[in-house]
Amino acid sequence: ANALQSVAPTERVIDALIRVVEAADPNILPYAAPALAHHLGDEALEVFADLFERCSSMCQMGLMSAIGSIHTPAATQMLMGALQGGNTMLRPTVLMALESQGPRGRAAARSHLLESLEAGTLPMFGQDLYTLARLGGDEAHGALLAIATGEPWGTAMNAASAMASSGNEEAMEALVDALRDPDLDPARRTELMGSLSGAQSPAAVAYLVEVAGQEGPEGLQAMQSLGFGLGARQARELAAGAATSEDPERRAAGLQILLQNPDAESVALATSALDDEDPTVQATAINLLEQAGTPEAREQILEAFRNGDDELRSNAAYTLGRMGTPEATDALFGALDPEDGVGYAAFSTLASAQTPGVVERLRALGDEDSDLGAWVHERMVEHGLVEGTGMGMDLMNQLYDFENLGEVLEGFGDIGDIGGLGGMGELDDADDVHVTSEWGPMIY
């Protein structure tokens with residue numbers, strides 16, 4: 001069917017394509033219908049109209065796409081009829097087909113969307129606003145800006161995102177002009193700047209660079225939005241300065257941008273930030289050092305784990321677990337201590353590690369006759385790492401077998417305190433079990 005589009009439209013070819021299209025096979029129709037549209041133009045519309053009312057939704061989508069390749073008033077009229085028919089599933093395909101028709105189809109789609117917006121029937125979410133932004137025009141941009149600056153947050157962000165991602169430079173320039181308006185509410189300006197994240201527009205990048213150097217929420221959001229897209233280089237320069245700002249939020253945001261592609265300067269800034277008094281800044285610094293992955297960066301993480309405060313050490317513990325090096329594993333085992341809050345973080349990290357031999361080493365430690373051995377054993381029971389304890393997947397799957405639930409629990413014996421239940425209490429016998437078929441087993 002696809003190949004027949006490039007051959008001469010003999011009677012035999014046309015007959016074959018019509019038979020295939022009328023068969024309405026959703027796997028073949030997307031290829032046969034465009035071929036028929038290519039050869040017959042408006043004459044194909046009669047075939048498509050007869051088929052439209054009796055074929056599936058998938059088939060209808062294929063027909064609409066094919067009609068979009070016919071750039072005639074009759075084809076536009078047929079697409080507009082489908083658009084006004086109210087089929088929400090078909091709507092995105094019809095709008096795309098109208099866009100592909102060139103100026104006539106684009107004008108018809110724009111007019112319909114603006115009329116629907118004025119009548120209050122245009123969906124505020126979904127693709128309609130994005131289509132309107134791509135279609136462009138002063139009236140469309142004005143309508144979208146009215147939504148972005150005057151409607152509640154969710155709807156406003158959808159309109160602003162539509163303009164920012166449309167690829168229409170006029171739409172982006174209109175949005176930037178609205179952000180520069182001194183009468184715009186500062187909180188709304190900060191929110192809308194988030195829609196410029198990853199912007200590929202010179203106008204947007206120039207505006208974000210201008211604002212990103214400022215202190216406060218607007219400068220912070222501008223720098224974060226600048227960290228992707230065309231403004232990445234400028235964002236890194238600003239982020240390096242922000243990493244030593246007096247504002248902890250700005251310091252954390254600066255490190256977060258540098259984290260995307262850490263270099264020697266970023267590692268040095270992150271190392272200094274390990275001594276920061278703000279826990280978010282510390283955690284971001286740990287993440288940056290992990291992302292850098294150099295021997296120097298890893299050594300700084302180990303040093304933070306050994307000598308930092310409890311919060312920093314807990315953040316470093318999870319990072320060490322992901323590193324999985326012998327030095328990291330040994331440091332975590334050395335931190336296992338029932339009297340130290342970090343010991344719990346170290347155990348959880350080791351228990352979930354994929355490093356070979358770690359669980360066996362924990363089990364050996366849990367078998368020792370000592371306070372530490374008893375503590376480790378108790379933690380292993382909680383994590384289901386000791387045979388016959390915890391809510392392992394095998395047991396969980398059995399509990400969904402409602403008809404045999406009693407037998408399953410009877411075979412499980414005197415369960416006692418199952419740590420795997422997340423501290424939900426003791427389960428001593430089957431009388432303590434209640435099942436609801438709507439949400440699965442609930443165990444008390």
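**Chatting through a predicted model**

Me: Over which residues does pLDDT stay under 50, and how many contacts beyond four places in sequence does the model have there?
Reply: pLDDT (the predictor's confidence in each residue, from 0 to 100) stays under 50 over residues 412-430. The model has 28 contacts beyond four places in sequence for that stretch, a contact being heavy atoms within 4.5 Å. Residues 432-444 are also below 50, and that stretch has 28 contacts in the model beyond near neighbours in sequence.

Me: How should I read the coordinates where pLDDT is low?
Reply: Not in detail, where pLDDT is low.

Me: OK, ground rules. What gets counted here, and at which pLDDT?
Reply: This is a predicted model, so local features need pLDDT of at least 70 and side-chain atom pairs count only at 80 or more, while totals for chains, interfaces and linings use all residues. Residues are numbered from 1 along each chain as its sequence is written, and side-chain values use heavy atoms, with hydrogens and water left out.

Me: And the mean pLDDT of the protein? Where is confidence lowest and highest?
Reply: The mean is 84, with 85% of residues at 70 or more. Strand S1 (residues 416-417) is lowest, at a mean of 39, and helix H5 (residues 73-83) is highest, at 95.

Me: What does the secondary structure come to?
Reply: There are 26 helices and four strands. Those are DSSP runs numbered from the N terminus: helices are H or I with at least four residues, strands are E with at least two.

Me: How many of the 444 residues count as buried, as a percentage?
Reply: The buried share is 45%. Buried means under 20% relative accessible area, exposed over 50%, and partly exposed in between (1.4 Å probe, protein chains only).

Me: Which residues touch the most other members of the largest nonpolar core?
Reply: Phe48 and Leu63 do, in a core of 129 residues. H11 gives the most to this core, with seven residues. A nonpolar core is a set of buried Ala, Val, Leu, Ile, Met, Phe, Trp, Tyr and Cys residues joined through side-chain atoms within 4.5 Å.

Me: What is Phe48 in contact with, leaving aside neighbours within four places?
Reply: Its contacts include Val21, Leu36, Leu63, Ile67 and Met78.

Me: New topic. How many salt bridges does the structure hold?
Reply: It holds 15. A salt bridge is a side-chain nitrogen of Lys or Arg within 4 Å of a carboxyl oxygen of Asp or Glu.

Me: Which residue does Glu210 pair with, and what does the pair tie together?
Reply: Glu210 pairs with Arg180, the closest N and O atoms being 2.8 Å apart. Glu210 sits in helix H13 (residues 202-212) and Arg180 in helix H11 (residues 169-180), so the bridge ties together parts 30 residues apart in sequence. Glu210 is partly exposed at 46% relative accessible area, and Arg180 is partly exposed at 38%.

Me: Which side chain does Glu290 meet in a salt bridge?
Reply: Glu290 meets Arg322 at 2.8 Å, N to O. Helix H18 (residues 279-292) holds Glu290 and helix H20 (residues 310-323) holds Arg322, so this pair ties together parts 32 residues apart in sequence.

Me: Which residues do salt bridges with shared partners join into one network?
Reply: Glu99, Arg106 and Arg134. Arg106 and Glu99 meet at 4.0 Å, N to O.

Me: Are Glu99 and Arg106 buried or partly exposed?
Reply: Glu99 is buried at 16% relative accessible area, whereas Arg106 is partly exposed at 25%.
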